[in-house]
Amino acid sequence: MRARHVFDERHVGAPGIAHGGAVATVLDDLFGFLLYLIGEPAVTRHLEVGYRSPVLLGTPYLLEAGVQRREGRKLFVRAQGTDEGGAAVVEASALFLVVGLEHFARGGGDAAPVAP
Ligand SMILES: CCCCC/C=C\C/C=C\C/C=C\C/C=C\CCCC(=O)SCCNC(=O)CCNC(=O)[C@H](O)C(C)(C)COP(=O)(O)OP(=O)(O)OC[C@H]1O[C@@H](n2cnc3c(N)ncnc32)[C@H](O)[C@@H]1OP(=O)(O)O
């Protein structure tokens with residue numbers, strides 16, 4: 001799966017650079033969306049992120065993610081982010097566990113959104 005992403009001032013860490021936690025969130029969400037597309041309800045059990053170069057705000061990055069292998073309910077996934085020159089700036093690997101739909105009900109999923 002491929003996506004294009006641009007971080008902005010909402011994600012700032014050091015001036016002009018995306019916060020590492022924001023980068024990890026995007027990669028985790030990319031994996032979540034990948035597995036949603038595949039049709040497997042799964043959640044993150046383990047996530048590892050390698051930060052090779054600063055991720056700059058206002059700069060488009062190509063994100064690519066795929067399933068590396070499956071062992072029963074365990075899905076091992078990998079992703080990388082590259083800049084427009086094709087240089088890898090970030091990479092991630094994760095273990096997702098396939099869960100039943102009842103997993104998502106534990107948070108009270110039908111509760112009304114919290115008012116701002
Ligand atoms: C297609 C239709 C989908 C419809 C979905 C419907 C509704 C969904 C609604 C909304 C979803 C919307 C948005 C989702 C948004 C973003 C998704 C992004 C992803 C996330 O934001 S998601 C949140 C963060 N996530 C969690 O909130 C998980 C908390 N957690 C748990 O809920 C439990 O942890 C659970 C259930 C996962 C497993 O629990 P458990 O007790 O069954 O299993 P356990 O933890 O013991 O580990 C299992 C096996 O992994 C092995 N293992 C562990 N670490 C390893 C490592 N590093 N390397 C190799 N193996 C490893 C162990 O060794 C063991 O292996 P073995 O089974 O062989 O012994």
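With which residue does Glu 64 form a salt bridge? The legends below describe close-up views of a predicted model.

**Figure 1. Salt bridge between Glu 64 and Arg 2.** Glu 64 pairs with Arg 2, and their closest N and O atoms are 3.0 Å apart. Glu 64 is partly exposed, at a relative accessible area of 23%. Arg 2, in contrast, has a relative accessible area of 62% and therefore counts as exposed, the cut-off being over 50%.

**Figure 2. Salt bridge between Glu 91 and Arg 52.** The closest N and O atoms of Glu 91 and Arg 52 are 3.1 Å apart in this salt bridge. Here too the pair links distant parts of the chain: Glu 91 is in strand 5, whereas Arg 52 is in the loop between strand 2 and strand 3, and 39 residues separate them. Glu 91 has a relative accessibility of 32% and counts as partly exposed, while Arg 52 is exposed, with a relative accessible area of 54%.

**Figure 3. Salt bridge between Arg 69 and Glu 71.** Arg 69 forms a salt bridge with Glu 71, in which the closest N and O atoms are 2.9 Å apart. Arg 69 is partly exposed at a relative accessible area of 38%, and Glu 71 is likewise partly exposed at 39% relative accessibility. The count for the model comes to 5 salt bridges.

Figure 4. A polar backbone atom of Thr 44 is 3.1 Å from a nitrogen atom of the ligand. Taken alone, the ligand exposes 1,500 Å², of which the protein buries 48%.

**Figure 5. The shell around the ligand.** Helix 1 (20–38), strand 2 (42–51), strand 5 (88–98) and helix 2 (102–105) are the elements that each give two or more residues to the shell. Strand 2 supplies the largest share, 4 residues. Around the ligand there are 16 residues, and those that come nearest are Thr 44, Arg 45, Arg 73, Lys 74 and His 103. By class, the shell holds 7 nonpolar, 4 polar and 5 charged residues.

Notes. Residues numbered from 1 in each chain as written. Predicted model: local features only at pLDDT ≥ 70, side-chain atom pairs only at ≥ 80, totals over all residues. Heavy atoms only, no water. Near = heavy atom within 4 Å. Polar contact = N/O pair within 3.5 Å; in protein donor to acceptor, adjacent residues only side chain to side chain. Areas by Shrake-Rupley, 256 points an atom, 1.4 Å probe, with all protein chains shown as cover. Nonpolar A, V, L, I, M, F, W, Y, C, P; charged D, E, K, R; others polar. Salt bridge = Lys/Arg side-chain N within 4 Å of Asp/Glu carboxyl O. Buried < 20%, exposed > 50% of the residue type's maximum accessible area, 1.4 Å probe, protein only.
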